[in-house]
Amino acid sequence: MAKKHNTGGSVMPGRTKKLTDTNLLLFITVIVFVVMYIGAMLFLKKGFLKPQTFFNILNANAALIITSCGMSLVMITGGIDISVGGVVALVSMSCAVYLDYQGGDVFTSLLIALGIGLAFGAVQGFLVAYLDIQPFIVSLAGMFFARGMTTIVHTAPFNVANEAFSALKNVRINIPGLGTVNKLGKYVNAYVEIGVIVAILTVIILFCVLKWTKLGRNFYAVGGNRQSALMLGINVKRTRFLSHLLCGLLAGIGGYVYFLHVGSGSASHASGMEMNAIASSIIGGTLLTGGVGNIFGTFVGVLSLSTIQNIVSSIGLDQAWWTGITVAGMLCVFLVVQSVILARKH
């Protein structure tokens, strides 16, 4: 029997609207994050009581939020893209070399970032959608290619000295009323970096696209059941292609936001970002099988992932393996929750 998922579509007139799989998973994700963060504030303190701690989570993960949103789009259609970390690293290195070694300008470097992202999205989308090659294999090749190209562009890591870029990197948006008084008795405003604004806008735009546009409904339909989507007159190949194209574009944007945050180029940048993006999407309620997902849930998933890492570090478990173990445990919990939610209908 063909698989079907409750994707949060419309309900028949006169019937009570039930809590869909997408909304239920989102609700669970939000509750887990809120409980986890409040628990950290009550029992650990250690900076969790300061508003800037939360904003620092956003500052450090703005690029991950953007790339995770792209990953969610692909996963909703039943695919996957593990090349996004490599694309972010390639964008960062390419823009750094262009600005410092070629004497380039910031606007053109942004176009380079978008071009790289679109190129990866278009090629991988074509191979997956029109040649019907497995997304994992295609994006695995894309990941190796991106990492290799990053080293070819430049081998040694370096900080960017371009003045215009440095000025943009140091832009801070103050959050009124949420500052703190430092040890010298001076009031310090809470702030977010410009990348956070880009990330939040990305979440809002994609949330609206998935919820209220035909393209968004097509993503869910293709991920839920391709055969049924074809019978409904949906161009499945084009829909899958567009999901990968958008994922590539968002990886390019995320790469530039990452570049703005770190201000340097390095072949080791964004190492493991693709795995964090997948984990954030799953924690946010996106199913690996496709057809179910929510962009706002992905956003909360990134926050949850970063918060649990901060909690582990705050209690003195600074070793990298403790973070990995904690994230693995969190993923297992959410995968079990997803299985239970899907099994309740059978």
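This is a predicted model: local features need pLDDT of at least 70, side-chain atom pairs count only at pLDDT 80 or more; totals for chains, interfaces and linings use all residues.
## A walk through the helices, loops and contacts

The side chains of T77 and S243 come together in a polar contact of 3.4 Å. T77 sits in the loop that links helix 2 (51-76) to helix 3 (84-101). Is T77 buried or exposed? With a relative accessible area of 2%, T77 is buried, because anything under 20% counts as such. Leaving aside residues up to four places away in sequence, T77 touches F219, V222, G223 and S243.

F219, V222 and G223 are among the buried residues of helix 8 (residues 214-224). What covers the buried residues of helix 8? The cover includes helix 2, helix 7 (194-212), helix 9 (226-231) and helix 10.

S243, the polar partner of T77, also takes part in the packing of helix 10 against helix 2.

**Helix 2 against helix 10**

Two packed helices are described by the angle between their axes and the distance between the axes. Helix 2 and helix 10 (residues 236-262) pack with their axes 8 Å apart and at an angle of about 175 degrees. How do the two helices run relative to each other, roughly parallel or roughly antiparallel? Angles over 145 degrees count as roughly antiparallel, and helix 2 and helix 10 are therefore roughly antiparallel to each other. On the helix 2 side, the contact is made by N59, A60, A62, A63, I66, T67, C69, G70, M71, L73 and V74. Helix 10 contributes S243, H244, L246, C247, L250, A251, I253, G254, V257, Y258 and H261. The residues of this contact divide into 15 nonpolar, 7 polar and no charged.

C247 gives a closer look at helix 10, where it has its place. C247 is buried, with a relative accessible area of 1%. Not counting residues up to four places away in sequence, C247 touches G70, M71, V74, D81 and V84. Of these, G70, M71 and V74 are also listed for helix 2 in the helix 2 and helix 10 contact. From C247 to G285 there are 38 residues in sequence and 18 Å in space, C-alpha to C-alpha.

**Helix 1 and helix 13**

Now to another pair of helices. Helix 1 (21-44) has 24 residues and should span 34 Å at 1.5 Å a residue; its end C-alpha atoms are 33 Å apart, which agrees. Its buried residues are D21, T22, L24, L25, L26, T29, F33, M36, Y37, G39 and A40. Helix 2, helix 11, helix 12 and helix 13 are included in what covers them. Just after helix 1, K45 takes a positive phi of about 55 degrees.

Helix 13 (residues 320-343) also has 24 residues, and reaches 35 Å from its first C-alpha to its last, close to the expected 34 Å. V327, M330, F334, Q338, I341 and L342 are the buried residues of helix 13. Their cover includes helix 1, helix 11 and helix 12 (295-314).

S264 is found in strand 4. S264 is buried, at 9% relative accessible area. A polar contact of 3.0 Å joins its side chain to that of H269. Beyond four places in sequence, S264 touches S92, A96, F158, N159, V160, F259 and H269.

The loop between strand 4 (264-265) and helix 11 (273-283) holds A270. This residue, which is not a glycine, has a positive phi near 60 degrees. D132 is another non-glycine residue with a positive phi, near 55 degrees. D132 belongs to the loop between helix 4 (106-129) and helix 5 (135-153).

F107 and F165 lie 58 residues apart in sequence, with 9.6 Å between their C-alpha atoms.

Here are the accessibilities side by side.

| Residue | Relative accessible area | Class |
|---|---|---|
| T77 | 2% | buried |
| C247 | 1% | buried |
| S264 | 9% | buried |

Technical notes
Residues are numbered from 1 along each chain as its sequence is written. Side-chain values use heavy atoms; hydrogens and water are left out. Helices (H or I, at least four residues) and strands (E, at least two) are DSSP runs, numbered from the N terminus. Buried means under 20% relative accessible area, exposed over 50%, partly exposed in between (1.4 Å probe, protein chains only). A polar contact is a pair of N or O atoms within 3.5 Å; within protein, one must be able to donate a hydrogen and the other to accept it, and residues adjacent in sequence count only if both atoms are side-chain atoms. Contact means heavy atoms within 4.5 Å. Axes are lines fitted to C-alpha atoms, for helices over the stretch in contact, and angles run from 0 to 180 degrees between N-to-C directions. Angles under 35 degrees count as roughly parallel, over 145 as roughly antiparallel, 65 to 115 as roughly perpendicular and the rest as oblique. Ala, Val, Leu, Ile, Met, Phe, Trp, Tyr, Cys and Pro count as nonpolar, Asp, Glu, Lys and Arg as charged, and the others, Gly among them, as polar. The expected span of a helix is 1.5 Å times one less than its number of residues.
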